Amino acid sequence: QVQLVESGGGLVQPGGSLRLSCVASRIFSFKSMNWYRQAPGKERELVAQITSDSSTYYTQSVKGRFTISRDNAKNTVYLQMNSLKPEDTAVYYCNAKLPWPLADYWGQGTQVTVSS
């Protein structure tokens, strides 16, 4: 099994920055590594994705502000968040999708609050 642990969340003012980290318990082959977020009263949404070939995807609302990256040597995926807005407030979850066996692993989540 793969364990994912997120960190780096916190309280920031609008326009501020945070870097989220997701550390995996072991090296594994993955289809994609993803950051999701869920705000109260809203559905979980995919924020950013990086695939095994290093292709990236971002939801429209964070393009130009968020950057996903991966450090294979550290078994860590990052989400750099700049120019944060109040609407970015949510619990952010790290997710790993494995091609075989089919599996979907989730971290416990880290709270990001953007407020003045």
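**Sheets, cavity and pocket in a predicted model**

Residues are numbered from 1 along each chain as its sequence is written, and side-chain values use heavy atoms, with hydrogens and water left out.

Back to that pair, then: Leu4 stands opposite Ala24 in E3. The two strands belong to an open sheet of four strands, in the order E1-E3-E8-E7, with antiparallel pairing. Strand E1 (4-7) and E7 stand at the edges with a single partner strand each, so one side of each is left without a neighbour in the sheet. From one strand to the next the twist averages 15 degrees, with axes taken as lines fitted to C-alpha atoms, for helices over the stretch in contact, and angles running from 0 to 180 degrees between N-to-C directions.

Leaving aside neighbours within four places in sequence, Val77 is in contact (heavy atoms within 4.5 Å) with residues including Leu20, Cys22, Met33, Trp35, Ile50, Ile68 and Cys94. Val77 and Ala24 are 53 residues apart in sequence, and their C-alpha atoms are 8.5 Å apart in space. Asn75, with residues up to four places away in sequence not counted, touches Cys22, Val23, Ala24, Arg26 and Ile27.

Both of these residues also take us to the cavity. On a 1 Å grid over the protein atoms alone, a cavity is a set of points where a 1.4 Å probe fits but cannot get out, a pocket is an open set with protein on both sides within 12 Å along at least five of seven lines, and lining residues have an atom within 4 Å of a point. Grid points are joined across faces, edges and corners, and a volume is the space filled by probe spheres set on the points. How many cavities of 30 Å³ or more does a search of the whole structure find? The search finds one, and about 40 Å³ of space lies in the largest cavity. Its lining consists of Ala24, Arg26, Ile27, Phe28, Met33, Arg70, Asn75, Thr76 and Val77, which by class gives five nonpolar, two polar and two charged residues, with Ala, Val, Leu, Ile, Met, Phe, Trp, Tyr, Cys and Pro counted as nonpolar, Asp, Glu, Lys and Arg as charged, and the others, Gly among them, as polar.

The largest pocket holds about 170 Å³ of space. Of the 13 residues that line this pocket, the closest to its centre are Arg37, Lys42, Glu45, Glu87 and Asp88, and the lining by class has two nonpolar, three polar and eight charged residues.

Next, the strands around E9. Strand E4, residues 32-38, and strand E9, residues 90-98, pair in the antiparallel sense over seven bridges, with Ser32 opposite Lys97 in E9. E9 is joined by four bridges to strand E10, residues 103-106, again running antiparallel, and a hairpin of four residues links E9 to E10; here Lys97 stands opposite Asp104 in E10. E9 also pairs with strand E11, residues 110-114, in the antiparallel sense over three bridges, and Ala90 stands opposite Val112 in E11.

Val12, in strand E2 (residues 10-12), is buried at a relative accessible area of 12%, and beyond four places in sequence Val12 touches Ser17, Leu18, Leu84, Thr113, Val114 and Ser115. Is Gln60, by contrast, buried or exposed? Gln60 lies in the loop between strand E6 (56-58) and strand E7 (66-71), and Gln60 is exposed, with a relative accessible area of 58%.

Technical notes:
Predicted model: local features only at pLDDT ≥ 70, side-chain atom pairs only at ≥ 80, totals over all residues. Buried < 20%, exposed > 50% of the residue type's maximum accessible area, 1.4 Å probe, protein only. Pairing = 2+ DSSP bridges.
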